[in-house]
Amino acid sequence: MVKLISLLTVGALLDATRAVDIDVMRRDLVAAVDAGAVKNTTECHARLLTYEYSLALLPARAPLLEAFDALELEAACGVPRPAAGAPAFPPHSPAPAGAVFAAIVFRGGVHFLGATLELDGRDSGLTLSNYENETAWLSGGVPLTTTWARAANATYETRIDETFPYRGTILGLNVIEPHRRFVRARYPNGGGSVGVETRSGVGQVKSSDILSYGAPPVVPPAAQVYVADPAYAASASEHFNAYASGRCAFAGDPLCPCGAWRDTDGDGNWVSESYWCSNVSGGGWAEMDRGDGFWNGPVLPTNVTLRGGSDLAARAATWSPKARGEAVVTAWRAQGWFVDMFRVDDVVADGDGGATLTWSYGGFQGGRGWQVDGKKGIIDPLPPFYLENVREELDEADEWHFDNDTKILSYAHNGTGPPPEDWQFVAPDLATLISVVGTKEKPVEDVTIRGLGFRDASITYMDARNDFDLTEIEQFLLDGAFHWSFPAQVPSGGDWALHRGGAVFLEHTARVTVEQSKFERVDGNALMVSGRNRNATIADNEFAYFQAKAALTTISSNVFFNGPRSAINFNDGFGGGNVVDRNAIWNVCRQSGDHGPINSWDRQAYRTPLRDPSGGWAPLPTVISRNAIIANYGGSQGVDNDDGSSWYDIFDNFFYGEGLKNDYGGHDSAYHGNVNVVHPYDGQNCINVWAFDASAPGPCVGGPETAEPCSHAHLFHDNICVLLTDVAQGYGTQQQVACAAKDGTFNPKASDQMAKMRDNRYYTANGSAFLKCPDKTELASLAFLQSGGVELGSTEGTIPDDATIMAWGRAALGF
């Protein structure tokens, strides 16, 4: 039920919508190119196309200045910035004559909620929206009263008298206008708020300064759960044709490799269970999660030792005792798949000028263990990290620190004198601003959230549980190494753990719509669709400076940018039936790598009635269409269908990045009608797939729907692929299949195991297109492939001008 809460409103952030002349912008870009001021002309045209598409998706939000700035159109491409002005959120659609409905309407301004707005089954049919033509923001923060005084080292201090009912302290610091988020004091420096928010991998303690990460002792394996159906064999990788998991004896079991992750099961019981505790887990580097022959499951570090003479080891000797218990280490897993955070318990100096930072809390933010060397029983390689929340490291503009004992907030202002008097500082406190939660028996139905802005939600990456109740934390000391039990969950076979929460949280709902809204600088998940939800619609929204995960829903007409991981992630295929249509995405994967702006895994098989009412393993197809995506930072493909991903229908998209990646046992997907402009990344280029099972029981993507044997190979046709890379890399890779027979002719057995490729158009620097087949050792020309019946109707040619490529992109997107 809706709880009535007091609302404090600051200002009225209302301005008129401004028009944007794209034709003028194109002329400005061409002029900058002609003047030699643009290094990568094709990328700049792709950025302008993405901005144009964003305006088409959200016309009422023009000029989308933050989107323009995030695309660096002025800084990198010479396109002048449109006139400033924050547009009003969209007006309401008029209600039908005689309609009777309930609504909560927020007037223009910033509303500090003070408590989560909670809706349940009694609120079905409710609409929450902005007042017509007024910009209404909902804030999860506490406004601060500040009186700044000069302190040492060019910093300013103020005493904070406000209380923080949910967090108990200040975990983040924002300002209302200009809308900015500041950086907790850290080492190494990251360039302040601008640097941290715009660059990837800034301010890291490099591996050369790290002597070692401490590895935990060996503990017994988890109890094994394995469900297999001999009639299901769609994947050529056997381990993806079954459901596998490992379960600890109890939640947080210190004698279990997966005790770090914890969640409730369907009956509400706390459990520690994970796919990565299975002894048959599969996919890229899965042997590491099985312990690499030394441990019995995933490995998380217990400390980091710095080399003698390293800068951080010397600085650590100057820290006050408060750093112990407050400092947080953020460390990348090798290959950049995710970051884990650990709270430092102690700093121990050694006799050689080095130091060891130890911890007993954290490591549950990723879903998998670290990369190890089982022969030596060590963590290897040694990934980089940074450290934050140490007062002595407050030495760069835009950094801050809060002493919860003295209530002193310190801030290094980037300017002359103290922070401006009109800056309203805010400390995010609420993690969830709106909660829409029903029950299985009485779901919340037909709720609409429209035209609202969400901001100042609190960080969640160190939460002990969703309600931040630290009293239930248990620590265990075994053989000198800590183990811990905290409820970050691994809901299926994905690489990432999941905080079951978000600025907007939906669970047990039907026909809930979130539309025409903006999520900006919410420091946890922006929107969480959790548990059982049916026919949810997420449309016409703007997501900026956020992190998000989504599944089993429709995601349409949204703009995503500046996120740490993927914008949209499917942790598993489950029952399928998702639709991702008409979105613009760029500047994501900024804190991680080796995946895409849209990412998926499908390592565990699930039996559902969604495709076959009598129950079946094959899900409904997930549709990904008409999206404009720039795969930059740590992103590779526009859509990265990793380990086992199956039943994706990907068509009519514009990607500035690599094409279809569906290796490690994926099957039954279609990729067609897409425009790929491939910039140099890791050489996967237009297509990278493994061998397929050509005669396993159906259904199959090319038909039929019955269980008779058929080919589970991907369909790859009618795509345009422009390679800005070295021609010698080839336009893609068909792994595990030898295209050439020993006599040099086409291998007659190859085509059955290859992707079904036809009617594609490839453009390279010299007009020649080659496929790596097998793997990355041999190049097969288009003519050679066609001699074996592969790539029939496909053509090759030289790279056309940028205007032609962008025209193809606009045609694919339909605007």
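Morning, everyone. Let's start with confidence. The model is predicted. Its average pLDDT is 88, and 90% of the residues score at least 70.

Now the cysteines. How many disulfides does a search of the whole structure find? The count is 6. I'll take three of them.

Take Cys44 and Cys77. Their sulfur atoms are 2.1 Å apart, and they form a disulfide. The torsion about the S-S bond is about -85°, so this disulfide is left-handed. Where do the two ends sit? Cys44 is in helix H2, residues 41-57. Cys77 is in the loop between helix H3 (65-70) and strand E2 (102-106). The two parts are 33 residues apart in sequence, so the pair ties them together. Are these cysteines buried or exposed? Cys44 and Cys77 are both buried.

Next, Cys248 and Cys256. They are joined by a disulfide, with 2.1 Å between the sulfur atoms. The angle about the S-S bond is -70°, and the link is left-handed. Cys248 is buried, and Cys256 is buried too.

Then Cys686 and Cys721. Their sulfur atoms are 1.8 Å apart in a disulfide. This link is left-handed as well, with -90° about the S-S bond. It connects distant parts of the chain, 35 residues apart. Cys686 lies in the loop between strand E55 (675-678) and strand E56 (687-689), while Cys721 lies in strand E60, residues 720-723. Why do we call Cys686 buried? Its relative accessibility is 2%, and buried means under 20%. Cys721 has 3%, so Cys721 counts as buried too.

How are the bonded cysteines paired along the protein? Number them in sequence order, and the pairing reads 1-2, 3-4, 5-6, 7-10, 8-9, 11-12. Now look at Cys589, which is in no disulfide. The nearest cysteine sulfur belongs to Cys721, and it is 19 Å away. Cys589 is buried, with a relative accessible area of 0%.

On to the nonpolar cores. The largest has 74 residues. Which of its residues touch the most other members? They are Phe454, Tyr731 and Met754. Look at Phe454 on the screen. Leaving out residues up to four places away in sequence, Phe454 touches a list of residues that includes Trp137, Leu138, Leu433, Ile434 and Val504. Lys518 and Glu520 are also among the residues that Phe454 touches. There is a second, separate core of 54 residues, and its members include Tyr187, Tyr213, Ala286 and Ala316.

Last topic: aromatic rings. Searching the whole structure gives 31 aromatic pairs. One of them is Tyr232 with Trp617. Why is this pair called stacked? The ring centres are 5.7 Å apart and the planes meet at 25°, so the pair counts as stacked. The cut-off for stacking is planes under 30 degrees apart. Tyr232 is in the loop between strands E15 (223-228) and E16 (242-247). Trp617 is in the loop between strands E47 (598-600) and E48 (622-625). Those parts are 385 residues apart in sequence, so the pair ties together two separated parts of the chain. Tyr232 has 16% relative accessibility and counts as buried. Trp617, at 13%, counts as buried as well.

A second stacked pair is Phe561 with Trp586, at 5.0 Å centre to centre and 10° between the planes. Phe561 is in strand E43, residues 559-561, and Trp586 is in strand E46, residues 584-586. They are 25 residues apart in sequence, so this pair ties those two parts together. Phe561 and Trp586 are both buried.

Rings can also group. Trp148, Phe182, Tyr411, Trp423 and Phe425 make up one aromatic cluster.

Finally, charges over rings. Which ring does the charged end of Arg107 sit over? It is the ring of Tyr131, with 4.1 Å to the centre. Arg343 lies over the face of Tyr361, 4.3 Å from the ring centre.

That's my tour. Questions, please.

Notes:
Residues numbered from 1 in each chain as written. Predicted model: local features only at pLDDT ≥ 70, side-chain atom pairs only at ≥ 80, totals over all residues. Heavy atoms only, no water. Disulfide = S-S within 2.5 Å. Helix = DSSP H or I, 4+ residues; strand = E, 2+ residues; numbered from the N terminus. Buried < 20%, exposed > 50% of the residue type's maximum accessible area, 1.4 Å probe, protein only. Core = buried A, V, L, I, M, F, W, Y, C linked by side-chain atoms within 4.5 Å. Contact = heavy atoms within 4.5 Å. Phe/Tyr/Trp six-rings, centres within 6.5 Å; stacked < 30°, edge-to-face > 60°. Lys NZ or Arg CZ within 6 Å of the ring centre and 35° of its normal. pLDDT = per-residue confidence, 0-100.
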